[in-house]
Amino acid sequence: MTVSPLIWAVTIIVVLGLLAFDYIFHVRKAHIPTLREAAVWSALYVGIALAFGVLVLVFGGVDMGTEYFAGYVTEKALSVDNLFVFLIIIAGFSVPREDQQKVLLFGITFAIIARSGMIALGAAAIDNFSWAFYLFGAILLYTAIKMIVDELKEDSHQNSEGVFVRLVKKVLPATDEYDGDKFFTIENGKRVLTPMLLVMIAIGATDILFALDSIPAIFGLTQNTYIVFTATVFSLLGLRQLYFLIDGLLDRLVYLSYGLSIILAFIGVKLVVHALHENELGFINGGEAVHAIPEITTAFSLSVIIGVLTVTVLASLLSPKGRAQAAVNNAHHEARAYLEMTYRSFEEQRDAMYEKMLAHEKIVDGLPAKYEDIVVAERSVRELLADAHRVHEARLAFNERGERSDEQPDGLLVTHPDGTVATDPGGTVITLAEEKELRETKEAKRRAREQARAEHAEARRG
């Protein structure tokens, strides 16, 4: 089915409108989205993507609709894997929680631009060179093997900065201090890059690498450029909300890389088979098409993709490794929740939470040594558990004296009067004293930057 320029124009306008809406109403004002906000908007974007798929099914036919859903599911699964890397980059640069939305929206926007360029190049290559299918298939097979090797080495996704960022930092002056969401600031009288710009560069560089895997994968399912574009774009829209919604679940998908490697390998084989059917290379069967192996249908591809993802998710959540990661996540969550509680909540509820925390801590302490890296990777879980124990002991002492335990022990006070908890820019729980010190240090640096800017401007005028 040929898609008219009008449909293309309307689709692009809708996509740009959704991105603009996301920025104006959600990202422009820095804030930390609630779980409810993330869930509502994630469901809305998925609903838009599914509704669009139904329209394609109705007006484009069963084949076109199946191609769209196969492409959307594949690209969505790949985008979830990309969230792992985004998570590591954001944590590596200690991006303040309230500014993470802006970083993610930039990453999504840049990903759409990068992949649109790749789609145009891929479509041109397919139209003019039938051997491009061999190339795309080889890329996917190589990626699949590399994903498995990296996973077995347990060193995948470990570099938060990347070669390009390190090169930028060597060539251009940069600071380790954030200045709000500014890309540049004045430090020691010089204009320097802030970590906000560096993290944008890191996200953008990884987006280009992701596109090298993503676009050949979807071209293996359909050669309809409109379906390739829309399935890719709709899989990326809503990724920002999904990040905050499944933040705690991402680490539990311990076998996702294996599932994705199987899917990419399968699509790679599908591309090679299709290339054989379109063969024009003289050194293969004398330049004649090879029909010994039947073409793999899109419907079969969709069933394989959904089946592999289902098995992967279930295996991740139910496996010993997945349960170990869940125990660590739960212990972290419950220790933090316990520290956030104030006397407004019933003492019985606090005790129940503490008993739950103890149960999960016992599981964590009993984990085999091979899972210790999961415990270490879960930032501050040991410190949170230790603080929770000390607070509990202080509460018991207060209760034995018949006194209220509103205040936590000196040096461990982490809860504001309104019940919210003090955290550093990376989200780690800290004491109110530490938070005050951080705030004062940040304010002093802000004043120093303002003074440096004024002196810099005065020097330029002089």
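Modeller: A crossing is right-handed if the near helix is turned clockwise from the far one by less than a right angle, and left-handed if anticlockwise. The model here is predicted.

Biologist: In which hand does H7 pass H8?

Modeller: The axes of H7 and H8 (residues 225–236) cross at roughly 130°. They come within 10 Å. The crossing of H7 past H8 is right-handed.

Biologist: Are H7 and H8 oblique or roughly antiparallel to each other?

Modeller: Roughly antiparallel needs an angle over 145 degrees, and roughly perpendicular ends at 115. H7 and H8 cross at roughly 130°. Therefore the two helices are oblique.

Biologist: What should the 25 residues of helix H7 span?

Modeller: H7 covers residues 195–219.

Biologist: Where does H7 bend?

Modeller: The bend in H7 is about 30°. Its place is Ala211.

Biologist: How many of the 25 residues of H7 are buried?

Modeller: Buried means under 20% relative accessible area. H7 is mostly covered. The count of buried residues in H7 is 20.

Biologist: How do H5 and H11 run, roughly parallel or roughly antiparallel?

Modeller: H5 (residues 132–153) packs on H11 (residues 256–277) at about 160°, with axes 8 Å apart. Angles over 145 degrees count as roughly antiparallel. So H5 and H11 are roughly antiparallel.

Biologist: How many nonpolar residues has the contact of H5 with H11?

Modeller: The crossing of these helices, H5 and H11, is left-handed. Their contact has 6 polar and 1 charged residues. Its nonpolar residues number 19.

Definitions and conventions: Residues are numbered from 1 along each chain as its sequence is written. This is a predicted model: local features need pLDDT of at least 70, side-chain atom pairs count only at pLDDT 80 or more; totals for chains, interfaces and linings use all residues. Side-chain values use heavy atoms; hydrogens and water are left out. Helices (H or I, at least four residues) and strands (E, at least two) are DSSP runs, numbered from the N terminus. The expected span of a helix is 1.5 Å times one less than its number of residues. The bend at a residue is the angle between axes fitted to the seven residues ending there and the seven starting there. Buried means under 20% relative accessible area, exposed over 50%, partly exposed in between (1.4 Å probe, protein chains only). Axes are lines fitted to C-alpha atoms, for helices over the stretch in contact, and angles run from 0 to 180 degrees between N-to-C directions. Angles under 35 degrees count as roughly parallel, over 145 as roughly antiparallel, 65 to 115 as roughly perpendicular and the rest as oblique. Ala, Val, Leu, Ile, Met, Phe, Trp, Tyr, Cys and Pro count as nonpolar, Asp, Glu, Lys and Arg as charged, and the others, Gly among them, as polar.
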